[in-house]
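Good morning, everyone. Please look at the model on the screen while I walk you through it.

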Amino acid sequence: MDSFFERLIQELDNRKHLNALFPNRPIMIKFVCDKEEWGLYISKNSCSIMKKDIGESNLEIHASKPILCHLLNGHIRLSQLVKNNELTLYGSYRLSLLLESILWLSRDYQIA
């Protein structure tokens, strides 16, 4: 799972045009899979992933490992997973839309 988060952070750093979506105030998104937790920290200044001492989060996602892999790779949208009851989401609708946009725009794609 760590490699999926590392790829996401790398894509967010490489795609400078996504910085316009990032909030001025930092937000913390917690991903919970089985007994592991990861915290995605996003702000205009930086993006990083934390594995320990995550603390309080603005948005929390609980999912199985395969579902989380599909989400982080951009194979399926967050809203579709929520609609299909394949993950549990705690937090504001606005933040979930922001995360969905960031994940969708940071996915791997082929240039035609």
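**A short tour of one chain**

Start with D34: at 64% relative accessibility, this residue counts as exposed. Here are the cut-offs: exposed is over 50% relative accessible area, buried is under 20%, and partly exposed is in between, with a 1.4 Å probe and protein chains only.

Some ground rules come next. This is a predicted model, where local features need pLDDT of at least 70, side-chain atom pairs count only at pLDDT 80 or more, and totals for chains, interfaces and linings use all residues. Residues are numbered from 1 along each chain as its sequence is written, and side-chain values use heavy atoms, with hydrogens and water left out.

Back to D34. Where is it found? D34 is in the loop between β1 and β2, and β2 covers 36–42. Its phi is positive, about 55 degrees, although D34 is not a glycine. Most residues other than glycine have a negative phi, and most peptide bonds are trans.

N85 is another case. Its phi is also positive, at about 55 degrees, and N85 is not a glycine. N85 sits in the loop between α3 (78–83) and β5 (87–91). Is N85 buried or exposed? At 70% relative accessibility, N85 counts as exposed.

E86 is in the loop between α3 and β5 as well. E86 counts as partly exposed because its relative accessibility is 33%. Which residues does E86 contact, leaving aside neighbours within four places in sequence? They are I67 and L81. Contact here means heavy atoms within 4.5 Å. E86 and A63 are 23 residues apart in sequence, yet their C-alpha atoms are 7.0 Å apart in space.

Now the whole chain. How many helices and strands are there? The chain has four helices and five strands. Both are DSSP runs, numbered from the N terminus: helices are H or I with at least four residues, and strands are E with at least two. From the N terminus on, the order is α-β-β-β-β-α-α-β-α.

What about overall size? Along its principal axes, the C-alpha trace spans about 35 × 35 × 25 Å. With 112 residues, a compact globule would have a radius of gyration near 13 Å, and the chain agrees at 13 Å. That radius is taken over C-alpha atoms, and the globule rule is 2.2 Å times the number of residues to the power 0.38.

Buried residues make up 41% of the 112. Take the contacts between residues at least 6 apart in sequence: 64% of them join residues at least 24 apart. The chain exposes about 6,800 Å², and carbon and sulfur atoms supply 49% of that. These areas come from the Shrake-Rupley method with a 1.4 Å probe; for residues, only the protein chains shown count as cover.

Next, strand β1, residues 27–33. V32 is in this strand. V32 counts as buried, at 11% relative accessibility. Beyond its neighbours within four places in sequence, V32 contacts E37, E60, I61, H62 and A63. V32 and T88 are 56 residues apart along the chain, and their C-alpha atoms are separated by 9.7 Å.

On to the cysteines. C33 counts as buried, at 2% relative accessibility. C69 is buried too, with a relative accessible area of 15%.

An α-helix has 3.6 residues a turn, so residues three or four places apart point the same way. N73 counts as buried because its relative accessibility is 18%. Which residues does N73 touch, not counting those up to four places away in sequence? F4, R7, R107 and D108. Just after α2 comes G74, with a positive phi of about 80 degrees.
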